[in-house]
Amino acid sequence: MRDVIAHVVRRTEARFARDDGWPMHRRDIDGGDDAPAWPLYHGACGVIWALTHLAASGAAMLARDYGDFVASLVPRNRTWLRSFGCTFDASYAMGETGILLLEHGLNGTPVTADRLAALIASNFDNPTRELMWGSPGTMLAALFLHERTGEERFATLFRATARTLRSQLEWSDEHACHYFTQDMYGQRSTYLDAVHGFVATASPLIRGRYLLEPGEWSSWHDCIENTVRRTATREGTLVNWPVFLDVPRGRPATLLMQFCHGAPGFVVCLADMPGTGLDDLLVGGAEAAWHAGPLAKGPNLCHGTAGNGYALLKLFGRTGERRWLERARAFAMHAIAQMEAEERHVGELRYSLWTGDPGVAVYLLDCIRGGARFPTLDVFD
């Protein structure tokens with residue numbers, strides 16, 4: 001696995017161009033837009049995060065410094081956002097917050113910290129109410145910044161975001177649970193998943209619960225546990241969750257098995273939940289991911305084998321049972337084979353954190369170490 005990590009780092013660095021960053025992989029092209037991408041999710045910011053994370057972890061030596069290039073990403077990314085009509089810049093995964101969080105970690109300037117605080121505050125009422133674009137993502141950034149700097153203003157922003165989200169919860173009489181409505185991509189939805197949905201919002205709340213008042217966390221704990229249990233579907237001992245609480249008109253009521261939609265993401269987001277109230281569901285979800293096997297969509301984190309493998313690593317961390325680590329490593333070997341086959345076929349790696357090979361390299365490192373820190377959700381520094 002270490003040789004594969006070294007290969008990914010070497011090829012990724014060799015493909016970097018100062019004007020364009022990294023080329024867009026054909027699987028990441030959306031609507032014919034094959035221009036280079038810049039954000040944390042699928043662009044240059046995420047690639048640089050992965051490279052610096054691997055280097056800081058002792059898994060790689062970098063041939064260049066990317067600090068100056070990171071500083072150029074904000075205006076490039078803003079131009080990209082405006083190209084499809086996005087008028088706000090605070091998104092954690094697709095906007096400025098993730099980029100500036102990386103820049104602050106590399107350079108640590110007060111001006112950058114001030115800009116981050118302003119972005120987080122501006123995103124309280126974002127109607128998407130999800131991790132990628134909305135306030136749950138910037139709440140996570142506030143948590144990372146508080147851990148990094150110790151500044152109380154970021155703890156205050158975390159608490160303010162959590163309270164705003166609490167006020168935005170809705171109640172379903174049909175399902176007897178709370179949920180969020182996302183106003184996103186031109187439609188209103190009730191996603192439950194680990195990127196756009198309810199459980200993605202639960203993740204930073206669980207990680208940052210020590211910043212909340214005891215009564216606030218107790219209320220969130222009961223809310224999260226109830227919604228997760230009420231929405232679970234079971235087949236024997238196996239557990240999964242639907243994409244939506246209420247399926248939008250014209251959409252099929254499908255069940256998926258990947259990080260972004262399905263049990264693997266639920267396990268990753270909820271594995272640090274205190275107490276034992278969800279243990280049966282977490283084990284059932286990880287078992288379902290294992291029985292489903294590696295994903296045909298490729299090795300990536302968001303909707304691939306490595307993302308599902310993180311659910312197995314998380315169960316190893318939660319239970320200490322070695323079978324979960326062995327299963328995660330089996331998924332890692334399959335992800336390597338998928339990555340190598342795709343590189344032979346296309347002639348390129350896929351240069352992206354969440355959808356590409358640098359993210360897979362981070363997963364391989366965690367499999368070697370037996371850890372489970374999902375990139376940019378559990379760890380940023």
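Trainee: In which helix is C269 found?
Mentor: This is a predicted model, in which local features need pLDDT of at least 70 and side-chain atom pairs count only at pLDDT 80 or more, while totals for chains, interfaces and linings use all residues. Residues are numbered from 1 along each chain as its sequence is written, and side-chain values use heavy atoms, with hydrogens and water left out. Helices (DSSP runs of H or I, at least four residues) and strands (DSSP runs of E, at least two) are numbered from the N terminus, and C269 is found in helix α11.

Trainee: Does C269 count as buried or exposed?
Mentor: Buried means under 20% relative accessible area, exposed means over 50%, and partly exposed lies in between, with a 1.4 Å probe and protein chains only. The relative accessibility of C269 is 4%, so C269 counts as buried.

Trainee: Which residues does C269 touch, not counting residues up to four places away in sequence?
Mentor: Contact here means heavy atoms within 4.5 Å. D193 is 76 residues from C269 in sequence, yet the two lie 9.5 Å apart in space, C-alpha to C-alpha. Not counting residues up to four places away in sequence, C269 touches A194, V199, A200, S203 and I206.

Trainee: Why is helix α11 described as largely enclosed, and what covers its buried residues?
Mentor: Eight of the eight residues of α11 (residues 263-270) are buried, so the helix is largely enclosed by the rest of the structure. Its buried residues run from A263, P264, G265 and F266 to V267, V268, C269 and L270. What covers the buried residues of α11 includes α9 (198-207), α10 (214-231), β6 (238-240), α12 (279-292) and α13.

Trainee: Which residues touch the most other members of the largest nonpolar core?
Mentor: A nonpolar core is a set of buried Ala, Val, Leu, Ile, Met, Phe, Trp, Tyr and Cys residues joined through side-chain atoms within 4.5 Å. Y363, leaving aside its neighbours within four places in sequence, is in contact with L301, A306, G309, Y310, L313, A328, F331 and A332. Among the 134 residues of the largest nonpolar core, those that touch the most other members are L270 and Y363.

Trainee: With which side chain does the side chain of Q258 make a polar contact?
Mentor: Q258 sits in the loop between β6 and α11, and its relative accessible area is 5%, so Q258 is buried. A polar contact is a pair of N or O atoms within 3.5 Å; within protein, one must be able to donate a hydrogen and the other to accept it, and residues adjacent in sequence count only if both atoms are side-chain atoms. At 3.0 Å, the side chain of Q258 makes such a contact with the side chain of K297.

Trainee: How are the rings of Y310 and F374 arranged?
Mentor: Rings of Phe, Tyr and Trp (its six-membered ring) pair if their centres lie within 6.5 Å; planes under 30 degrees apart count as stacked, over 60 as edge-to-face and the rest as tilted. By this rule the count comes to 19 aromatic pairs. For Y310 and F374 the ring centres are 4.9 Å apart and the planes stand at 55°, so the pair is tilted.

Trainee: How many residues apart in sequence are the parts that this pair of Y310 and F374 ties together?
Mentor: Y310 is buried, and F374 is buried as well. Because Y310 lies in helix α13 (residues 305-319) and F374 in the segment after α15 (357-369), the pair ties together parts whose separation in sequence is 64 residues.

Trainee: What is the centre-to-centre distance in the aromatic pair of W354 and F374?
Mentor: W354, in the loop between α14 (322-346) and α15, is linked by this pair to F374, 20 residues apart, in the segment after α15. W354 counts as buried at 5% relative accessibility, and F374 counts as buried at 0%. The pair is tilted, with 55° between the planes, and the distance from centre to centre is 5.4 Å.

Trainee: What is the distance between the end C-alpha atoms of helix α2?
Mentor: The expected span of a helix is 1.5 Å times one less than its number of residues. For the 13 residues of α2 (residues 44-56) this span should be 18 Å, which agrees with the distance between its end C-alpha atoms, 18 Å.
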